[in-house]
Amino acid sequence: MFDALIIGGGAAGMSCALVLGSAQHKAFAKDKRIGIVIHQKTSHLQTALFNNVLGLKPGTTGASILKGGKEQLSNLYPHVEQLEKEKVLNVSQTEDHFRLKTNKNTYHSKVVVIAVGYTNLMNIEGLENFIEPHPRAAIEKDRIWLKNTDHLIKKNLYVAGTLAGWRSQFAIASGSGSQVATDILTLWNGGKHTKVHDKLEV
């Protein structure tokens, strides 16, 4: 049983995993089991080039971020389980948790974050009732979102990134994933708002 399982290894999903992983020393998060299903094949980052993102060297490619993000997560927060080469096919709800079926395994989690792309090729069974036309994309592009309020689709089921209704900008998607992570940390902290900051020792 996972305490939180993220679906998607792009900007939003990886950012969510990094923030959740970074809370490992907080009392309310230290024993939580966190996982991320990293399916990056269809990520828009595969062909992205970044010249306008604060903190990224101009010319940085999305492909390098996908690779580097997995390494960063492994090196800094190895307790976050990376489930690679699996694609989520179905998400269903039981009485007190969610069941996720992939092309290889079945997983159970108390909290789920959907952070895959916003194309109409998104075909995870169990989410059909939440799909609507994307509110911030050109109609002719046929983009979708999962209807939500502040990233929450329903209790303990979150969506992050472009699929949450945000525009397709790297910084926006990353921030969306981080926001969801802090919402989950707040949930684990009994509703007391929380975040995770690293600071230089002075």
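Predicted model: local features only at pLDDT ≥ 70, side-chain atom pairs only at ≥ 80, totals over all residues.
## Arg33 and Glu81

How open are the two partners to their surroundings? Arg33 has 34% relative accessibility, so it counts as partly exposed. Glu81 comes out at 28%, which also makes it partly exposed.

## Glu84 and Lys70

Stay with strand S5 for a moment. Glu84 makes a salt bridge with Lys70, with 2.9 Å between the closest N and O atoms. Here the link runs between distant parts of the chain: Glu84 is in strand S5 and Lys70 is in helix H2 (residues 62-76), 14 residues apart. Glu84 has a relative accessible area of 40%, so it is partly exposed.

## Lys110 and Asp3

How many salt bridges are there in the model? The count is five. One more to look at joins the side chains of Lys110 and Asp3, at 3.5 Å from N to O. Lys110 sits in the loop between strand S8 (106-109) and strand S9 (112-114), and Asp3 in the segment before strand S1 (4-7), so the pair holds together parts that are 107 residues apart in sequence.

Asp3 has 11% relative accessibility, so it counts as buried.

Now for the backbone. Lys85 is not a glycine, yet it has a positive phi of about 55 degrees. You'll find Lys85 in the loop between S5 and strand S6 (88-93). Its relative accessibility is 68%, so Lys85 counts as exposed.

Asp142 is another non-glycine residue with a positive phi, again about 55 degrees. Look for Asp142 in the loop between strand S10 (131-133) and strand S11 (144-146). With a relative accessible area of 41%, Asp142 is partly exposed.

## Helix H3

Next, follow the chain to helix H3, which covers residues 170-188. H3 has 19 residues and reaches 27 Å from its first C-alpha to its last, close to the 27 Å expected at 1.5 Å a residue.

Which residues of H3 are buried? Among them are Phe170, Ala173, Ser174, Ser176 and Gly177. Further along the helix, the buried residues include Val180, Ala181, Thr182, Ile184, Leu185, Thr186 and Trp188. A handy rule for reading a list like that: an α-helix has 3.6 residues a turn, so residues three or four places apart point the same way.

## After the helix

Just after H3 comes Gly190, with a positive phi of about 70 degrees. Glu201 is also in the segment after H3. Its relative accessible area is 78%, so Glu201 is exposed.

How far is Glu201 from Leu49? In sequence they are 152 residues apart, and in space their C-alpha atoms are 34 Å apart.

How values were computed. Residues numbered from 1 in each chain as written. Heavy atoms only, no water. Helix = DSSP H or I, 4+ residues; strand = E, 2+ residues; numbered from the N terminus. Expected span 1.5 Å × (residues − 1). Buried < 20%, exposed > 50% of the residue type's maximum accessible area, 1.4 Å probe, protein only. Salt bridge = Lys/Arg side-chain N within 4 Å of Asp/Glu carboxyl O.
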